[in-house]
Amino acid sequence: MSERAFAVVGLFDSPDALLRAVAPIRAASLGRVEAYTPYPVHGLATSLGLKRSPVGGMVLVMALLGAATALGFQWWVAAVDYPITTGGKAFFSWEAFVPVMFEVMVAFATFTAGLAMLLLLNRLPFFGHPMLGSSVMAAVTRDRLALAIEKDGDVELDATNARAALEAAGAQSIEVVALPAPSQPASARTLGWMLGGIAAACLTSGFLTYWVVKLFPVLPPMVHMLQQPRINPQSQNGFFADGRTQRLPVAGTVARGYLPYAVANADEADRLVNPLPRSAEVLARGRRAYSTFCSVCHGPLATGVGTLSSAYGAKPANLQSQTFRDYSDGHIYDVIMRGKNAMPSYAEDLSEDERWAVIHYLRALQRAQNAKQEDLR
Amino acid sequence: MAADPVALPAALRPQPLVIGEVTPGVLDDQVLSHTETRPPLKWFVAVTFTSMIATLGLALLGYTVYQGIGIWGNNRPVFWAFDIINFVFWVGIGHAGTLISAILFLFRQRWRNAIARFAEAMTIFAVMCASIFPAIHVGRPWLDFWLFPLPNQRGMWPNFRSPLIWDVFAVNTYFAVSAMFWYLGLLPDLASLRERARHPLRRAAFTILSLGWRGTAAHWRHFEKAYLLLAGLATGLVLSVHSVVSFDFATSIVPGWHMTIFPPYFVAGAIFAGFAMVIMVLIVVRESMNLKHLITERHLDVMNKVLLAMACLMGYSYMMEGFTAWYSMNPYLHHVFTQYFFGSYGWAGWVTVTCNVFLPQILWWPRARRSYPLMILVSLGVTVGMWMERFVIIVISLHQDYLPSSWHLYRPTLVDFGILLGTFGIFFTLVLLFARLLPVIATSEMKMDLPGAQPTHAGATHV
């Protein structure tokens with residue numbers, strides 16, 4: 001025989017004849033014995049000495065894993081990461097998680113059964129098997145049953161003996177499947193074409209993306225919720241004579257918490273008394289307002305060194321100095337309301353309570369910077 | 001089986017699954033050749049017609065996405081109407097396929113081999129049609145990904161205590177499992193098609209699709225095990241999917257929905273509607289593709305018996321529903337149940353009961369189970385009846401809720417009807433394409449059970 005054989009295949013017409021041939025061929029041990037059939041033949045795998053399929057065990061493990069994953073995920077979502085009471089139920093109300101647990105379990109199990117069978121056990125997809133191109137394949141996917149003696153590893157197949165053994169075992173016809181020529185490394189020309197092709201594809205897609213992005217304006221998708229038959233506040237509208245959409249409040253309207261400041265001058269303001277208690281909440285509120293509005297100029301310690309003072313060239317007051325420590329609460333309140341020198345009014349930015357809270361906080365800062373011996377106890 | 005048959009009465013003796021002499025080769029020629037020849041003119045006429053209807057449906061779906069669901073008839077308090085009716089209807093149609101391919105497989109009902117492939121394909125197409133509806137019903141379909149528990153910058157997760165999210169998982173798993181089951185069953189047939197292919201492109205396509213399947217003993221051993229497991233899994237799944245769909249209703253407090261009978265009642269109804277659809281399509285396939293000797297009259301007879309059994313189950317369910325309404329002493333439930341038959345939509349209740357319970361009773365008559373006109377009449381009736389049943393459950397229960405001031409008569413718009421019609425177009429276009437592109441009968445499963453295909457168990461080597 002001139003060409004080297006991958007397999008010698010005996011074709012059989014009846015399953016009985018095939019099964020009878022299995023034992024003598026296996027005993028001859030001329031190579032790997034493989035059977036090809038168009039449909040599952042009962043008892044064939046057993047007589048070929050194949051082990052039980054491990055798919056069942058894999059599916060069981062993955063099904064349990066799937067159920068555990070789903071339950072664990074739902075527990076984490078509902079009880080840990082996003083705990084929201086629904087229908088008065090406990091965060092981990094596991095009964096409601098059973099349906100999803102079941103579905104995920106089935107999904108895990110199904111994909112394990114299908115993919116483990118194909119990819120792990122049957123090693124598919126595989127298009128390079130020598131049998132695939134042979135005429136035997138056409139017969140065994142149609143109506144013939146085949147028993148093949150295949151090349152086992154590096155051992156050369158003895159085609160003559162294999163043929164004799166299959167004939168003796170009762171094969172109706174025998175075919176030899178040639179060993180495919182060992183694949184050659186790709187030539188420089190092929191490589192060049194491949195690399196050139198990849199480069200061309202990259203360039204084309206790059207330019208296409210560029211032109212698409214450049215030429216097509218970015219369209220706002222699905223803006224029906226914005227485009228409603230309504231009139232937006234602060235917009236222009238011809239309905240009223242003044243062209244405003246919104247009506248102005250009635251003259252003399254006062255917003256809640258923003259009563260007009262009725263104190264005439266700083267001396268009068270001295271009589272004002274801080275209405276807030278010196279509690280932790282008030283000090284926290286004062287600290288928050290102070291950090292937001294005051295500390296940029298007066299500094300976090302009220303020493304007049306803030307982050308903005310150098311930028312503006314101004315010299316904000318050092319509130320730790322004796323002058324300001326002697327100011328009454330009402331006087332400071334008056335400065336907040338009216339402003340002083342370069343400092344503008346902060347009446348718009350701070351609510352009534354915030355102003356007094358800031359004053360409490362400022363007092364705390366002053367006391368902390370000028371602590372006496374007894375304060376340390 | 002021993003050579004000498006056991007003396008059984010004629011009625012109990014196993015009957016051949018095919019008529020006449022069918023060898024594996026002949027089977028291949030008859031089934032696979034349909035994918036290799038030019039389809040007849042009537043196929044082109046049919047596919048043109050169905051794809052026109054499908055296009056109409058797709059255009060109306062596009063209009064819905066563009067304009068919003070205000071173009072439907074849904075309005076308070078009937079927030080669920082055609083969208084959910086069609087969803088439940090199509091998911092239900094799918095159930096017959098899984099029942100035939102998985103449950104009958106586990107029960108070793110070998111006759112199912114001839115119709116399993118087709119029924120499975122119908123399952124997949126029906127679930128595709130069904131999944132359209134929840135997707136557009138949410139109103140802003142481009143946000144459908146919110147249905148899935150994906151990490152997001154909003155820091156939010158879906159509510160896993162809601163039956164609606166169970167539905168998302170159930171329908172998606174159902175589709176994935178059905179597709180996997182169908183594709184695995186197709187593999188050996190795709191390998192046969194690969195070997196028969198003449199054109200190199202066709203051969204390349206089927207080589208890739210068949211994943212290089214060779215049919216070795218080891219292949220088959222793993223394949224059979226995996227297929228058996230998938231059948232078992234799909235069986236549990238098919239019972240769960242429509243149960244979960246029924247939870248959408250049963251876990252609410254709407255009178256007429258809040259019933260413990262809903263899960264089994266929905267599953268039975270799903271299988272019922274699905275079998276009717278399979279019977280109708282099967283008749284067309286059998287006649288137009290010359291498969292009368294493979295899909296025999298006995299197949300139709302058995303299918304009709306299943307249909308009859310399911311019709312009786314439906315009758316029982318309707319009676320139990322009525323009994324529950326009466327026995328609950330709940331005036332709201334009394335009212336809704338009266339509305340089912342004597343209210344503004346009372347005709348719908350009568351159509352449901354007539355089509356689903358009374359009409360199929362003619363199948364007790366053996367000749368009706370083998371007569372095309374009667375079979376088609378019953379199957380059409382069941383399809384209409386099952387759709388009306390969902391209308392009764394959904395619309396009638398909703399249109400008069402606890403607050404009489406919000407009672408409202410639901411009126412579907414033309415768009416509603418167009419989308420329903422369009423899904424039929426999509427479904428039948430896919431069925432027609434499938435019939436000419438892939439083998440409609442699982443040939444490897446058929447070959448396995450042909451006479452002489454298996455060893456006689458007399459061989460000494462057979463362990």
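How are α5(B) and α7(B) oriented to each other, roughly parallel or roughly antiparallel? This is a predicted model, in which local features need pLDDT of at least 70, side-chain atom pairs count only at pLDDT 80 or more, and totals for chains, interfaces and linings use all residues. Residues are numbered from 1 along each chain as its sequence is written, and chains are lettered from A and ligands numbered from 1 in the order in which they are written.

Helices here are DSSP runs of H or I, at least four residues, numbered from the N terminus. In chain B, α5 (residues 163-196) packs against α7 (residues 217-250) at an angle of about 150 degrees, and their axes are 9 Å apart. Axes are lines fitted to C-alpha atoms over the stretch in contact, and angles run from 0 to 180 degrees between N-to-C directions. The two helices, α5(B) and α7(B), are therefore roughly antiparallel, a term for angles over 145 degrees.

Residues are in contact if their C-beta atoms, placed from the backbone, lie within 7 Å. Among those of α5(B) are B:Trp166, B:Tyr174 and B:Phe181, while α7(B) contributes residues including B:Leu230, B:Leu237 and B:Phe247. This contact comprises 20 nonpolar, two polar and two charged residues; Ala, Val, Leu, Ile, Met, Phe, Trp, Tyr, Cys and Pro count as nonpolar, Asp, Glu, Lys and Arg as charged, and the others, Gly among them, as polar.

Let us turn to the chain contact. It takes 60 residues from chain B and 70 residues from chain A. On the side of chain B, the largest share, 17 residues, comes from α7(B). That side divides into 31 nonpolar, 21 polar and eight charged residues.

How values were computed
Parallel < 35°, antiparallel > 145°, perpendicular 65-115°, else oblique. Contact = placed C-beta atoms within 7 Å.
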